[in-house]
Amino acid sequence: MAMEIIFGFGSLINTDSLRSTVLEVSDIKPAYVNGFMRRFNLWNDLGFRTYNPGYMGIPHCVLDVEKISDSKSRVNGIAFKVSESQLDKLKNREEGYKLVKTTVYEFKTNKKLGDCHLFSACKNNGKYEFESRVQRKYLEICMEGAKKFGDEFYQEFLDTTYIDDTPLSKISKIISNV
C-alpha cells in the first residue's frame, strides 16, 4: 500500500487531534520545512468538527502556511505517513486548504526525510481573536502538541508562529493565558 508523507504544522502537531481524524498514522517525527511562514490568518467557518465537544462548529481563525521567498525561513511541525484512504480523511478535515508538495527534514538531525505534502490555503482572510474561547482552545491544542516534542521544538514553534507580524513568543498575553 502506498503511503504519503504529510507535514502538519498547526493542530495536526497535536497527535491526539491528529488521531481524532486518522487512526492509521505511522512514522510520526518532529520535522520542518523551508521557505514557508506560519500565521494565524485563515478563517475557519466550520469550526471544530472532531475532538472538541463544547467547541464544535464555532468559527475561528486557524493557522496557515504560505510559501515565501526566504528559503532559509523554516516552519517546524511533524512529518507522518498515511495511506490514501487516511489522506482522504485529512483532506475532509482540512477543507479549504490545498495540498502543496515540498521537502521535509528531520527536526534534530536536519536529515532529508523526502517529499511531503502540507495543507496551505493562502487566503489571508482571518484575524486572531484574543477574547474568543474557541480561538484560545485551538491555540492550546497546537501549543500542547508542540510541547510534547521538547523545549527546543516548542520554543521554535513560538518563535515561528505569527499573529500579524509578531511571533507568539513576543505576545505575553498569549503565553500567560495558555
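Helices (H or I, at least four residues) and strands (E, at least two) are DSSP runs that are numbered from the N terminus. The model is predicted, so that local features need pLDDT of at least 70 and side-chain atom pairs count only at pLDDT 80 or more, while totals for chains, interfaces and linings use all residues. Residues are numbered from 1 along each chain as its sequence is written, and side-chain values use heavy atoms, with hydrogens and water left out.

**Exercise 1. Locate Tyr-55 in the chain and describe its surroundings.**

Step 1. Tyr-55 is found in the loop between β3 and β4.

Step 2. With a relative accessible area of 22%, Tyr-55 is partly exposed, where buried means under 20%, exposed over 50%, and partly exposed in between (1.4 Å probe, protein chains only).

Step 3. Leaving aside neighbours within four places in sequence, Tyr-55 is in contact (heavy atoms within 4.5 Å) with Phe-48, Arg-133, Val-134 and Lys-137.

Step 4. The C-alpha atoms of Tyr-55 and Tyr-138 are separated by 9.4 Å, although these residues lie 83 residues apart along the chain.

**Exercise 2. Work out the order of the open sheet that contains β3 and β4, and find the helices that pack on it.**

Step 1. Four strands form this open sheet, in the order β4-β3-β8-β9 and with mixed pairing; two strands pair if DSSP finds at least two bridges between them.

Step 2. The edge strands, each of which pairs on one side only, are β4 (60-67) and β9 (166-167).

Step 3. Strand β3 (residues 36-44) runs antiparallel to β4 and is joined to it by eight bridges; the bridge partner of Met-37 in β4 is Glu-66.

Step 4. Helix α3 (residues 133-147) packs on the sheet, where it touches β3 and β4, and its direction makes about 50 degrees with that of β4; axes are lines fitted to C-alpha atoms, for helices over the stretch in contact, and angles run from 0 to 180 degrees between N-to-C directions.

Step 5. Helix α4 (residues 151-159) also packs on the sheet, touching β3, β4, β8 (161-163) and β9, and its direction makes about 30 degrees with that of β8.

**Exercise 3. Compare the radius of gyration of the chain with that of a compact globule.**

Step 1. A compact globule with 178 residues would have a radius of gyration near 16 Å, and the 15 Å of the chain agrees with this; the radius is taken over C-alpha atoms, and the globule rule is 2.2 Å times the number of residues to the power 0.38.

Step 2. Buried residues make up 49% of the 178 residues.
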